[in-house]
Structure formats: structure tokens, C-alpha cells
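This report covers a model with its sequence and coordinates.

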Amino acid sequence: MSKYDFDAVIERRGTISAKWDGMEPLFGTNDLFPMWIADMDFKAPPEILETLQERIDHGVLGYTRRFEPYREAVASWMERRHGWRPDTEWIRHTPGVVPALAVSMLAFTQPGDGILVQPPVYYPFFAAITGRGRRVVENPLAFDGERFWMDFEDLERKLDDSSVKMAFLCSPHNPGGRVWTREELEKFAALCAARGIIVISDEIHCDVLFHGAKHTPLADVSEEIAQLTISTVAPSKTFNVAGLATAAVIIPSKRLRDNYQSVVDFLHIDGGNVFGTIGLEAAYRHGDAWLDELTVYLEKNLEYIDQFLAERLPGIKLVKPDGTYVPLLDCRTLNMSGPDLEKLFVEKGGVALDGGHWFGTGGTGFARINIATPRSLLKEGLERIERAVKSLG
Ligand SMILES: Cc1ncc(COP(=O)(O)O)c(C=O)c1O
């Protein structure tokens with residue numbers, strides 16, 4: 001018997017939702033069915049909402065601090081779900097994962113330095129790098145028609161350039177859907193550690209794992225890479241609480257930690273907000289059962305998409321993800337440019353998908369779909385995609 005209702009359709013229009021109300025700047029109109037951006041159409045777990053409600057009822061929303069039980073909640077979540085227990089002393093705050101990337105870049109690199117990324121990848125990485133004059137160095141993923149892989153030969157070549165000082169690892173990979181295996185991460189870690197490359201390991205998607213896939217925290221791979229790693233985790237994707245703008249950064253090295261903290265203190269962004277603080281703790285203490293049920297629901301959504309495409313749109317293939325709820329649709333048989341494909345979905349289907357080309361090299365011909373939605377909405381989204389593709393005749 002399921003305890004949570006993921007089939008419930010909740011009206012999100014008119015709630016200042018980025019996904020539902022904020023499409024116009026990107027797609028030219030808000031009159032679309034949104035299957036883009038990475039938040040879910042489900043209510044957050046009642047275990048979190050009750051904690052927030054208690055604080056509302058208390059009624060005082062003054063300055064807040066994070067104490068040891070907060071850090072303990074992060075550490076024990078990582079241990080319970082991912083088999084790696086960070087020391088609570090290593091845990092720092094960030095209002096989001098992207099701000100942590102930016103802070104780390106400011107703390108550890110200089111203008112002109114290269115930062116390695118593995119496209120097609122979460123597009124805000126690019127702006128974070130170039131926004132303060134660092135250079136994007138690409139190590140594109142390879143795609144074999146079914147799955148994405150790291151290209152280690154190219155990675156080694158790129159890291160041999162002494163101007164490359166840092167890497168942004170996306171693990172699990174968005175939008176590639178890969179949950180990197182320990183073996184893959186060992187290779188990646190060894191190449192970075194040998195050259196003293198600092199790795200920002202964006203593990204925001206580490207909790208949504210399908211069919212028994214196992215996430216390996218990068219810092220758990222070796223002591224050498226742990227000393228060079230800044231890991232970011234958050235309840236935002238996992239429990240649909242991105243609006244709480246609260247995430248955790250885990251930094252085993254004291255030197256890196258102190259440096260990171262000095263930039264955070266300078267920017268004066270350590271305060272956090274009361275709802276994010278208590279929300280994160282409640283999520284990591286009480287969210288297991290909800291997440292387990294969510295995962296089963298999402299696995300069924302994946303099956304639904306696969307079957308829908310096979311029966312009605314055999315030209316389009318789901319790139320089956322090991323984890324994350326924002327997989328790619330392989331639309332390369334349509335032979336369209338990125339902008340043309342995006343336009344097709346918007347104009348002929350009235351559906352908003354993240355354009356594959358937004359994710360950089362290797363993304364053209366794909367579209368990213370958000371599957372974290374009730375099945376009835378998923379069906380509507382897929383029917384719109386079908387309408388768009390069939391309009392090509
Ligand atoms: C890989 C990845 N990193 C970071 C973020 C966003 O993080 P935040 O909202 O905490 O800045 C996302 C959101 O989709 C993401 O997919």
C-alpha cells in the first residue's frame with residue numbers, strides 16, 4: 001500500500017513557479033505545457049511540510065543558525081543512503097549548488113584558468129565559469145546510441161594542459177542520466193589527483209537512483225581525491241524543495257574548507273533561511289520512505305514513456321537513465337538543428353522541453369524531458385510531443 005499520492009494533480013499555475021509561470025523569457029510564451037526545468041509537480045513529503053508548518057505556527061522567523069544536529073542529519077543521510085559518512089566538521093552551507101560552484105571558482109582559480117566540464121551538461125556550469133573570466137575546457141561525453149560514457153583518453157589530454165585548475169563533475173550526470181560507477185570515478189579521480197586538480201563534485205542528483213543503481217560519492221573513492229574534492233548535495237531535487245534555497249557543501253580538506261568559507265563570509269551568504277534550514281534537516285531525517293516510493297513511481301513513468309514511444313513515436317528514443325528525473329529523448333532521426341527542434345515542440349506541440357543544444361557539445365538532436373510529474377500529466381506531455389513530431393508529416 002502506498003502512503004503517498006503521486007497521482008494527485010496540483011495546480012501550479014499562478015504560484016510564481018519557474019516551471020509553470022516562467023516560460024516566456026525562454027520560450028517566447030507562457031502558454032505551453034511545461035516539461036522542462038528540474039523540479040517536480042508533486043507535493044514535498046508531509047514530513048517536511050509538517051516541520052515547516054510548526055514553525056509558521058510558532059510565528060517568529062528571526063535569524064537562524066545551523067547547529068550540530070543539522071550537520072549530523074546531512075552526515076547520517078549520506079551514510080544511510082550512500083555508504084559514506086563525512087565528518088560533520090566538513091559540512092558547510094550554500095544557498096544552492098550553483099552558488100557553491102561559483103564560490104569555489106572564486107576561491108581556488110584565477111581569471112584565465114581552465115575549468116573542465118563534460119558536456120552535454122547542466123547549462124548553468126558554462127555561465128558560472130565564463131561569468132568571471134575563467135575558460136570552459138570541454139571533455140565531451142561519448143554516446144554509443146544508448147548510453148553516455150566518459151572519454152578518459154580525451155580527459156587525460158585536457159587535464160595535461162597546465163592552465164586547467166579545476167573540474168566540475170556532474171555525478172550523477174544531468175542530462176546524461178548516468179550514475180557513474182565506482183570504477184569510472186576511480187579513473188576520473190586518479191587523473192585529477194595526479195595533477196592536483198580541484199574537483200567540484202555536483203552530487204545534487206545522487207538520491208534518485210533507478211533499478212538498484214548505486215551512487216558513489218567522489219570523496220569516497222580515495223583519500224587523495226577526497227583532499228581535492230568539494231562535494232555538493234541538497235534535498236532540493238530529491239524532495240522537491242528547491243524553493244527553500246538550501247544545500248550542503250562537504251569539504252574534507254581543512255585548507256580548501258577555510259578558503260571556501262572565507263569567500264562565503266566575504267559575500268555574507270552563510271546565514272541561510274529558517275525554512276531551508278529546518279526543511280533540510282527534516283528531509284534528511286525523515287524522508288527515506290517518501291523517496292523510496294517516489295523512486296518506484298518514477299521507474300513506472302520511465303516504463304510508460306518507453307512504451308509510449310515504442311508504440312506511437314518509434315523515431316524517438318528515451319536515453320534510459322540510471323538516475324535523475326530529467327532524461328534525454330534522442331530525436332536525432334528528425335535531423336533538425338537544436339533551435340528548430342525546440343521550435344517544433346513549442347509551436348506544433350505547445351510543450352516546453354529543455355533543448356538538447358542548451359547543454360553544449362553533443363546535445364544537438366536531443367531534448368530533455370522532466371518525468372517527475374503525475375502520470376496523467378506525463379501522458380499529456382507525450383501526446384503533445386507526438387502531435388509536434390507527426391506535424392512533420
Ligand atoms: C546538476 C545540477 N546542479 C545544480 C542544480 C541547481 O542547483 P541549485 O538550484 O541548488 O543551485 C541543478 C538543477 O537542476 C542540477 O541539475
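## Helix H11 and its end

Histidine 268 follows helix H11 and has a positive phi, near 60 degrees. The model is a predicted one, in which local features need pLDDT of at least 70 and side-chain atom pairs count only at pLDDT 80 or more, while totals for chains, interfaces and linings use all residues. Residue numbers start from 1 along each chain as its sequence is written. Helices (H or I, at least four residues) and strands (E, at least two) are DSSP runs, numbered from the N terminus.

H11 covers residues 254-267 and lies across E2, strand E9 (229-233) and strand E10 (247-250), running at about 25 degrees to E2. Contact here requires C-beta atoms, placed from the backbone, within 7 Å. Axes are lines fitted to C-alpha atoms, for helices over the stretch in contact, with angles from 0 to 180 degrees between N-to-C directions. The 14 residues of H11 should span 20 Å at 1.5 Å a residue, which agrees with the 20 Å between its end C-alpha atoms. The expected span is 1.5 Å times one less than the number of residues.

## The seven-stranded sheet

Seven strands make up an open, mixed sheet in the order E2-E10-E9-E8-E7-E3-E4. Pairing of two strands requires at least two bridges found by DSSP. Strand E2 (91-94) and strand E4 (135-138) are the edges; each has a single partner strand, so one side of each lacks a neighbour in the sheet. From one strand to the next, the twist averages 25 degrees.

Strand E3 (residues 114-117) is paired with E4 in the parallel sense over four bridges. Opposite glycine 114 stands arginine 135 in E4.

Proline 119 and proline 120 are joined by a cis peptide bond with omega about 5 degrees. Proline 120 belongs to the loop between E3 and helix H6 (124-130). Another cis peptide bond, with omega about 10 degrees, joins asparagine 174 and proline 175. Proline 175 sits in the loop between strand E7 (164-170) and helix H8 (182-194).

Alanine 245 is not a glycine, yet its phi is positive, about 45 degrees. Its place is the loop between helix H10 (235-239) and E10.

## The four-stranded sheet

An open antiparallel sheet is formed by four strands in the order E11-E12-E15-E14. Its edge strands, E11 (317-318) and E14 (354-355), each pair on one side only.

E14 and strand E15 (residues 366-368) are antiparallel and share two bridges. Aspartate 354 has arginine 368 in E15 as its bridge partner.

## Domains

The domain assignment gives domain 1 (18-45 + 289-390) and domain 2 (60-286); such bounds come from an automatic or database assignment. The centres of the two domains, taken over C-alpha atoms, are 25 Å apart.

Contacts link 28 residues of domain 1 with 28 residues of domain 2. On the domain 1 side, helix H13 (residues 288-312) gives the most, with five residues. That side has 16 nonpolar, eight polar and four charged residues. Ala, Val, Leu, Ile, Met, Phe, Trp, Tyr, Cys and Pro count as nonpolar, Asp, Glu, Lys and Arg as charged, and the others, Gly among them, as polar.

## Ligand surroundings

The ligand is surrounded by 14 residues, the closest being Ala38, Gly96, Val97, Val98 and Tyr122. By class, the shell holds nine nonpolar, four polar and one charged residue.

Methods: A residue is near a molecule or strand if its C-beta atom, placed from the backbone, lies within 6 Å of it. Two residues are in contact if their C-beta atoms, placed from the backbone, lie within 7 Å.
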